[in-house]
Amino acid sequence: MASSARHIHSFEREKRRGDGHNLIAVLRRERGCSWQEATAEAYRMTIGCLDEYLGLQERVPEMCDELGLGEAERDRVRMRVEAIQHWINGTYEWALTTGRHAAAKEGAVATAEPAGRGSVDDLLSV
């Protein structure tokens with residue numbers, strides 16, 4: 001889910017670089033559809049994964065009941081669910097704030113791109 005959302009966020013930048021591994025580019029190539037149709041499908045897939053995750057998350061208390069978990073075990077499960085929530089949100093926030101996947105044509109990422117660079121490691125040398 002986080003990965004497909006990243007593909008949507010990074011699409012313009014990766015398209016500019018000619019990166020054919022972005023989900024939208026792969027969908028366009030594999031399905032022979034337009035960029036707009038591929039983008040809509042990537043969005044649909046992302047929302048589908050998010051909906052599935054939220055549905056599973058909602059079932060966690062019921063699953064704990066089914067497994068007969070005690071309070072200490074339930075606390076550990078809640079902590080793990082919360083960790084997953086933070087990971088998803090952190091990945092999203094990182095992508096938005098670092099510029100790593102931004103469509104912007106200015107800044108350190110855009111400066112590194114013409115040299116065939118632009119990964120986090122490459123940016124350390126810019």
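Colleague: How are helix 2 and helix 3 set to each other?

Modeller: Bear in mind this is a predicted model, where local features need pLDDT of at least 70, side-chain atom pairs count only at pLDDT 80 or more, and totals for chains, interfaces and linings use all residues. Residues are numbered from 1 along each chain as its sequence is written, and side-chain values use heavy atoms, leaving out hydrogens and water. Helix 2 (residues 23–31) packs on helix 3 at about 120°, axes 8 Å apart (helices are DSSP runs of H or I, at least four residues; axes are fitted to C-alpha atoms over the stretch in contact, with N-to-C angles from 0 to 180 degrees). Under 35 degrees is roughly parallel, over 145 roughly antiparallel, 65 to 115 roughly perpendicular and the rest oblique, so helix 2 and helix 3 are oblique.

Colleague: What separates glutamate 41 and arginine 44 in helix 3?

Modeller: Their side chains meet in a salt bridge at 2.5 Å, N to O (a Lys or Arg side-chain nitrogen within 4 Å of an Asp or Glu carboxyl oxygen). Because they sit three residues apart in helix 3, the gap is about one helical turn.

Colleague: Is glutamate 71 buried or exposed?

Modeller: Glutamate 71 pairs with arginine 78 in a salt bridge of 2.7 Å, N to O, and arginine 78 is partly exposed at 43%. Under 20% relative accessible area is buried, over 50% exposed, in between partly exposed (1.4 Å probe, protein chains only). With 52%, glutamate 71 is exposed.

Colleague: Which residues do shared partners join into one network?

Modeller: The whole structure has five salt bridges. Those that share partners link up Arg31, Glu41 and Arg44.

Key: Helix = DSSP H or I, 4+ residues; strand = E, 2+ residues; numbered from the N terminus.
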